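Have the coordinates open while you go through them.

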Amino acid sequence: MYNYIFARSFKKREQKQLKFKWMALVCFSLIALSLCAMFKPYLGPLPAALNLHLSVDVDAQQHIFEHIISNSRPQHVANNTISSPLLESQSVKVTEKIEPAAVCSVTKGSDFCEINNDIRIDGSSATVFIASSLADQTEWIIRPYARKYDHVAMKRVNEWSVKSAASLLQCNQNHSVPAILFSNGGYAGNIFHDFSDIIIPLYINSRQCNGQVQFVITNKQAWWINKYQNILKKLSRYDIIDIDNQDDIHCFPRGIIGLKRHDRELNINSSESPYSIKDFRQFIRSSYSLQKPAAIRLRDGEKKKPRLLIVSRKRTRAFTNAEEIAQMGRRLGFNVVVAEANGNLSRFAETVNSCDVFLAVHGAAMTNMIFLPENAIFIQVVPFGGFAWLARTDYEEPAKAMKLRYLEYKIKLDESTLIQQYPLDHQVIRDPSSIGKLGWNAFRSVYMVQQNVKVDLNRFRSTLLKALELLHQ
């Protein structure tokens, strides 16, 4: 009986021990799995020698884990390797932190990609290929023109794809300098947009290259390139590539697709660029070999006359009494020049640069103020019909940034030819803002296309006298 009870008691204890053994095994397994999950990001596929160290004891494990964590961050070393004293002759390879193949920026005025890597440009498919890993293949769509908020302009610009790829097309033509790809579409041909949308952004993006840059153009217009060749040849020493008509794959060490522009018209934000609008104007004077750096400073008793340029227009917003204005200017002591801003740009730039006072009705021709000497007087005649915002943002603010002395003459209703076309109770006359609410095309067709200006000479005389006063300062 005793033996039987003893035997049964022994079996119960043995069963308990077996249960404890199984429970311990399960717990140990759970702990091991938890540790693996916790430290998996740091361990990776570790060498056998390190795996041996992990089985020593808790303190030793903790020491090894801390060492691995502190040394697992990417470091720039020869052959991309780092050595661990724990492993003696063993080394763990890590991947060096690689900067993105392309940095594509979305701004208010433009989208553009800055690529600091091997690029291949395929004009036949309008695609720029960038070397990248299999895990990082991306595509951006860009229209390389710096007025993206204007849908009318952007419809005239070719769409380009910027793709990262693991394998690249073979090069037909290799270039040793960076590329800048931009469009000659949009509003190219209007001098205001030529400078604000293309030339100034091109200067911002390329000037630091000191001519060692290749311009790649889409939507090419040969006459435009010929018109601005003085500027383009000063920015780049290489013939422009008409990429739309190329079957070859052009390869570059790096490049910019699209043009970065700053927020304001005809201006450069020096806080975002090593250059200023003053630097740009000096660059323009050098490009066209303009001789006059500053406007005349009049002194009492001197017989030298300041030059007044009246910019005439044949079609819209023209002075209908330009000759009468010129005669009044001569009586006040100006040497007067009346000229239209058409034809050869180099010759007109020289004409503008030779003058001390610039007079024009609001319009693209006023962009020629870029060629004026420093401290010249810039007079904007503002037509009837709610031009205040346009006059300020397009020409007043840029003129002041260029260190020109700005004067403004706002015409009255009786100085506008619109009064001859519409009755006084018509909304065009009575409420110009209602026309503006119909959209840009409605505003433009009435106040910019249909309107000419007949300046009231008695009123305008004080503006010319103010210009003379400023030239004495």
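The points below cover the ground rules, the sheet and the pocket.

1. Bear in mind that this is a predicted model: local features need pLDDT of at least 70, side-chain atom pairs count only at pLDDT 80 or more, and totals for chains, interfaces and linings use all residues. Numbering starts from 1 along each chain as its sequence is written, and side-chain values use heavy atoms, with hydrogens and water left out.

2. Start with the open sheet, where six strands run in the order β3-β4-β14-β10-β11-β12 with mixed pairing. Strands here are DSSP E runs of at least two residues, helices are H or I runs of at least four, and both are numbered from the N terminus; two strands pair if DSSP finds at least two bridges between them. At the edges sit β3 (102-106) and β12 (241-242), each pairing on one side only.

3. Inside that sheet, β4 (residues 111-115) pairs with β14 (residues 255-257) in the antiparallel sense, over three bridges. Look for E114 opposite I256 in β14.

4. Now the largest pocket, with about 1,700 Å³ of space. A pocket is an open set of points on a 1 Å grid over the protein atoms alone where a 1.4 Å probe fits, with protein on both sides within 12 Å along at least five of seven lines; lining residues have an atom within 4 Å of a point. Of its 50 lining residues, N190, F192, H193, A364 and M448 are closest to the centre.

5. Which element gives the most to that lining? It is α11, with six residues. The elements giving two or more are α5 (191-206), α10 (345-353), α11 (388-401) and α14 (440-448).

Note on methods
Grid points are joined across faces, edges and corners, and a volume is the space filled by probe spheres set on the points.
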